[in-house]
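Please work through the exercises below with the sequence and the coordinates at hand. Each task is followed by a solution set out in steps.

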Amino acid sequence: MLRAHSRGAAVQKPSPDNPDVTLITPTSPMSTPTHGGRAKCLQRLVRLDLPVPRTVALSFASVHQIASGYRPDVSGILSEFDPNALLCVRPSSEDPDWGGPGAVLNIGMNDARYVDLCDQIGTPAATEIYLRFVMNYAIDVARLDAEAFDEIEGEGHDALTEALQIYEEEAEEPFPQDPAVQLAEILRSMARAWEGTTARLLRQAKGAPVDAGLGLVVQEMALGLGSGECGSGVLQLVNSFTGLPQVTGRYLSQSQGREALDGGAASIFLEKDPRGPSLEELAPEAFAALKEHAALMRARLREEMQIEFTIENGNLHILDGVRVERSARAALRIVVRLAEDGIITKQEAVMRIEPRALSELLHRQVAATAKRDILGSGIAASPGAATGKIVFSSEAAQAGAARGEPCVLVRRETSPEDIRGMHVACAVLTERGGMTSHAAVIGRGLGLPCVVGAASLRFHVKRKQLVATDGRVLREGDEITVDGTNGQVLAGSVQMIEATLDETFRTFMSWADAERDIGVRANADTPADAKTALHFRAQGIGLCRTEHMFFEAERLTPMREMIFAQNPQDRQAALELVLPMQRADFLELFRIMQGHPVCIRLFDPPLHEFLPTSRAGQRELAEALDIPVSDVTRRIDSLAEYNPMLGMRGVRLGISVPEIYDMQARAIFEATVEAANEGITIVPEIMVPLVSAKREVELVRGRVEAVASAVRTENSADFTYRLGVMVETPRACLRAGDIAEHTHFLSFGTNDLTQMTYGLSRDDAGRFMSEYVRQGVFSEDPFHILDTEGVGELLRLGVVRGRAARPNVVLSICGEHAAHTESIAFCRAAGFDYVSCSPFRVPVARLAAAQLALADKIG
């Protein structure tokens, strides 16, 4: 077998006239940051004594010099190879995902070599090799028009002759016969292609730095052609989709009487298969060696690797080794198996999985091979994909659910009134909104695929039509697919990949939990949310939004009666109808969470959200309350505000209409007593929203304490609770010291805090945010990635001042930023105790927190 070898040539130092040429040997100076990943991998294969053809590497500095106009030391490169060898040049960047110029094969092919090859491997094969090289060189190196070669009509030798003539006519010179000229021009072309503007912008979009370098490797070719078993292929020991052990790949045989490369190459099974011949049968020694080499590479390179190989007259040559491509589920299984086999540590396994990749495991996804008929796109607000019939109202979604039909709820933007429709829909699509809009937040909480801000589509809600970017008109009942992972809306149904959470996932997450040093809770409003949170091992509920509980049909009428009540007694009477339902809500949450902390945010939205906006709805309400329609419209007008989100909501409403908070506090405490009677010990956390001053906390605290005392007396039972504040106004951050004196915890709501700090509506920001990011006004959408400079400064002030006044105050973030790695890093550094995010993002936050803790330990 061919082995890597050295002829003792000295390593040449880089200079303007003589870029360095490094023969890859076990001891040659070679590193990924200087020569790229492919060159370094080939050196590792050489060190493992694998049959790697002779290879020379050019460093990043060398290639940059070539791109700048310096002629490479071609003679030095060619001196490392047999004069009759054909060569190939491949790119070697620091990260293979950054791309690079395509490989060029069969360098050195010319008229004289063609004659020799015709004698060695036959005229058809030699002709095809020469023809391919001429055309590739002409198009990719000489930059000739590809269409000129499309007109070749002959076959075999005639086609080759015609291609050489076309080259001479188009290039105004004969095809170069000197291998040194060929190699020099190829190196120059590949170097300049890498440093071109288009290539630079493309790799920067993939995360490459502006000055990312390219190395090149020049390798002696093993053609895989001859009289014995010959062919080429790739092999790996794992399935790229499932991650399970499986010998897989492909092999193209050029033997068995078929003329090589002349339309006769046959795809062969790797292992024995009743459907046809296999490599295992055709070349058993080479096949056994391949599996041994792959296993050795897995153990020594500590990764599942794919081998690129050729077989020439039965002899095996390893041309390259690359990391096996893999789906998210395969990546997880691969690292867990590597750790369980002792090849890598559990800590390294944790570090190898991107937190965002977990979303593919938690949700159904559009299959990578699925054909996408894109209707339009928007913001990928909640991951996953679902197919259903278009509906334009929550009522239609509920009707569809009753018929057992999956429905996609399409709205200009959702509101709390759409909760019931969202609960039964399979996906949500909105025209407006951003990452923290109502649809996005609720979609992530429900694990519901959601695309918001889809302004490329035209929404005609009244006509019940959706117009695609290409003009196609879709109507209610038409089927579409919402891909919340990529932000695309697709026509019809597409192939899906189901979510999978198996023992491998649980094992991996247990390793992550052993490393992280910050708590992770979930934002959960319903029993279903709580069950999901517990399933994903959340350490409690960090935010339970109670307003969603009021939009159920049997609760909406009492709430409206309360709004129209003329005095506190009437308001209290109306709310007494809601009390048992609220108590049941909280008791169910306590039962599900089984002693884990539950943080309940008191009523937050403005009252106008509970009143109908349409004339028909107002007439129905007037009939239900037995009052004139004029009274309904008058009350609605009286509640109107120029900016409801900055008006009478949250604690302001709780102080102005205290009966609401009294009822909620009673429901919480009575549920706590009932839970205790069932053997569930719970210390409820009551959170007051939208606080700006300590006096607000004092007023609410006084009434909550009075309710607690009354419940204790009525039930002859004792219990404890914690009272805290949702810090979501800039003033609350600045006065955190005053506020902390009266609270057990401060939970920072970064959604509203970002909105108020920027003076920017999170629902409207999507209309121009991409342009702002593009022009560098903001580096990222501040509603998507926490602004650690501006909003972060307020958070740091809140932490320092809150802890100074009350050292044991518990600090957390419960906004939608909480699952992002950058936000968790900020929280750890600032001294927060936990983060709270949507249930389906809990695993993402757990893994991100673990990786940050490990990174700190490592360096």
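Predicted model: local features only at pLDDT ≥ 70, side-chain atom pairs only at ≥ 80, totals over all residues.

**Exercise 1. The chain as a whole**

Task: Determine how many helices and strands the protein chain has, and describe its extent, burial, contacts, surface and charges.

Solution. 
Step 1. The secondary structure of the protein chain consists of 34 helices and 31 strands.
Step 2. Along the principal axes, the C-alpha atoms occupy a box of roughly 105 × 55 × 55 Å.
Step 3. The protein chain has 859 residues, and 55% of them count as buried.
Step 4. Among contacts with a separation of 6 or more, 68% are between residues 24 or more positions apart.
Step 5. The accessible surface amounts to about 36,000 Å², and carbon and sulfur atoms supply 48% of that area.
Step 6. The side chains include 88 positive and 115 negative ones, and the centres of these two sets are 7 Å apart.

**Exercise 2. A five-stranded sheet**

Task: In what order do the five strands of the open sheet that includes β1 and β4 lie, and which residues of β2 face each side?

Solution. 
Step 1. The order of the open sheet is β1-β2-β5-β3-β4, with antiparallel pairing.
Step 2. Strands β1 and β4 (104-107) are the edges, since each pairs on one side only.
Step 3. On one flank of β2 (residues 55-58), strand β1 (residues 22-23) is joined in antiparallel fashion by two bridges. Here L23 has V56 as its bridge partner.
Step 4. On pairing with β5 (residues 214-220), strand β2 forms four bridges, again antiparallel. V56 has V218 as its partner in β5, and T55 is opposite Q219.
Step 5. In a regular strand, side chains alternate between the two faces of the sheet. In β2, T55 and A57 are on one side and V56 and L58 on the other.

**Exercise 3. The surroundings of β31**

Task: Which strands pair with β31, and in which sense? State also which β-α-β unit contains β31.

Solution. 
Step 1. Strand β24 (residues 519-523) runs parallel to β31 and is joined to it by four bridges. Within this pairing, R521 is opposite S836.
Step 2. Strand β30 (residues 810-813) also pairs with β31 in the parallel sense, over two bridges. S812 is the residue opposite Y834.
Step 3. Helix α33 (residues 821-830), together with β30 and β31, makes a β-α-β unit that is right-handed.
Step 4. Strand β31 (residues 834-837) has Y834 and S836 on one side, with V835 and C837 on the other. All four are buried, and both faces of the strand are covered.

**Exercise 4. S836 and A402**

Task: Is S836 buried or exposed? Is A402 buried or exposed?

Solution. 
Step 1. S836 belongs to strand β31. Its relative accessibility is 0%, and therefore S836 counts as buried, the cut-off being under 20%.
Step 2. Apart from neighbours within four places in sequence, the contacts of S836 are R521, A522, N523, G542, L543, I813, C814, G815 and A818.
Step 3. One of these contacts, G815, is 21 residues away along the chain, and its C-alpha atom is 7.3 Å from that of S836.
Step 4. A402 lies in helix α16 (residues 394-402). A402 counts as exposed because its relative accessibility is 70%, the cut-off being over 50%.
Step 5. A402 and A180 are 222 residues apart along the chain, and their C-alpha atoms are separated by 75 Å.

**Exercise 5. Positive phi angles**

Task: What is the phi value of R302, and what is that of K464? Locate each residue and give its accessibility class.

Solution. 
Step 1. R302 has phi near 60°, which is positive although the residue is not glycine.
Step 2. R302 sits in the loop between α12 (284-301) and β9 (305-312). With 30% relative accessibility, R302 counts as partly exposed.
Step 3. K464, likewise a residue other than glycine, has a positive phi near 55°.
Step 4. The loop between β18 (458-460) and β19 (465-467) contains K464. Its relative accessibility is 41%, so K464 counts as partly exposed.

Conventions:
Residues numbered from 1 in each chain as written. Heavy atoms only, no water. Buried < 20%, exposed > 50% of the residue type's maximum accessible area, 1.4 Å probe, protein only. Pairing = 2+ DSSP bridges. Right-handed = clockwise from strand over helix to strand, strands pointing away. Contact = heavy atoms within 4.5 Å. Areas by Shrake-Rupley, 256 points an atom, 1.4 Å probe, with all protein chains shown as cover. Lys, Arg positive; Asp, Glu negative; His and termini not counted. Charge placed at Lys NZ, Arg CZ, Asp CG, Glu CD.
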